[in-house]
Every structure is written in C-alpha cells, then in structure tokens.
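Work through these exercises on aromatic rings. Keep the sequence and the 3D view open as you go.

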Amino acid sequence: MPNVVLKGPIFDDDAPAELKEGVLDGLKELAIEVVADVQTQLTPGHGFVTGRLRGSIGFKELDGPGFVVESGATSGAPVPYAYWIETGMRGGRRLWSGYGMFEQARNR
C-alpha cells in the first residue's frame, strides 16, 4: 500500500514549527484525497460487494513525517481479502490481475 514519507531540511529540528505544520497539513490533505481515490475505484463489479473493504480504507500518521493509506489504517484490522483484491495473489500464487486500486491512486 502506498506510503508518503519525506526527509530533508524542512523537517530538521531547527526548521520553523509553522513550516513543518503546514507541510504535514498538506500531506494529510493528500492522504484524504488518496483514500477517496481508492474508495471511488471500488464499485459494484469492481471489488465492491458489501462495502466492507471500501469502508476499511483510511490513513494513519507515521512516526516520522508522513501518512500510510491502507485497509484497516484506522481500525487496526485490515480486511483479510484486501491484498487479494489489490494484487490478485492468494497463497503466493497469482490467480488474476487484481484491481490495483492503491497502485493506480499512487501513480496518479
């Protein structure tokens, strides 16, 4: 699942707090957009059956500056079939091409 992690002088200890806060706010807005993008791709016949997977997709802040978007990000319990729907792989074998919602959102 996509991660956004940044490093550099903008995150050094001596960087202004307002600057760091502004960048983190921007990253949070980006994470919200990525969640919406992934959820929008889950439609009936395209990974959406009950809405459980769609409702499980969220983001959480990482220890360093950044966020992760994934199934179960807020609940801590990812939907067990999220990886299979994304990649088409089950038990280490590719069964189909997968929908690649997270990958497509990352690429955008």
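**Exercise 1.** Classify Phe 67 as buried or exposed.

*Solution.* This is a predicted model. Start with the relative accessible area of Phe 67, which is 7%. The cut-off for buried is under 20%. Phe 67 is therefore buried.

**Exercise 2.** Find how many aromatic pairs the structure holds, then classify the pair of Phe 59 and Phe 67.

*Solution.* The count is 3 aromatic pairs. One of them joins Phe 59 and Phe 67, with ring centres 5.4 Å apart. Their planes stand at 75 degrees. Planes over 60 degrees apart count as edge-to-face, so this pair of Phe 59 and Phe 67 is edge-to-face. Now check Phe 59 itself: its relative accessibility is 22%, so Phe 59 counts as partly exposed.

**Exercise 3.** Classify the pair of Trp 84 and Trp 96, and state which parts of the chain the pair ties together.

*Solution.* Take the geometry: the ring centres of Trp 84 and Trp 96 are 6.0 Å apart, and the planes are at 75 degrees. The pair is therefore edge-to-face. Next, place the residues. Trp 84 lies in helix 3 (residues 82-87). Trp 96 lies in the loop between strand 7 (93-94) and helix 4 (101-107). The pair thus ties together parts that are 12 residues apart in sequence. Last, accessibility: Trp 84 is partly exposed at 28%, and Trp 96 is partly exposed at 26%.

**Exercise 4.** Which residues form one aromatic cluster with Trp 84, and which residue lies over the face of Trp 84?

*Solution.* Trp 96 and Tyr 99 form one aromatic cluster with Trp 84. Arg 90 lies over the face of Trp 84, at 4.8 Å from the ring centre.

Notes: Residues are numbered from 1 along each chain as its sequence is written. This is a predicted model: local features need pLDDT of at least 70, side-chain atom pairs count only at pLDDT 80 or more; totals for chains, interfaces and linings use all residues. Side-chain values use heavy atoms; hydrogens and water are left out. Rings of Phe, Tyr and Trp (its six-membered ring) pair if their centres lie within 6.5 Å; planes under 30 degrees apart count as stacked, over 60 as edge-to-face and the rest as tilted. Buried means under 20% relative accessible area, exposed over 50%, partly exposed in between (1.4 Å probe, protein chains only). Helices (H or I, at least four residues) and strands (E, at least two) are DSSP runs, numbered from the N terminus. A charge sits over a ring if NZ of Lys or CZ of Arg is within 6 Å of the ring centre and within 35 degrees of the ring normal.
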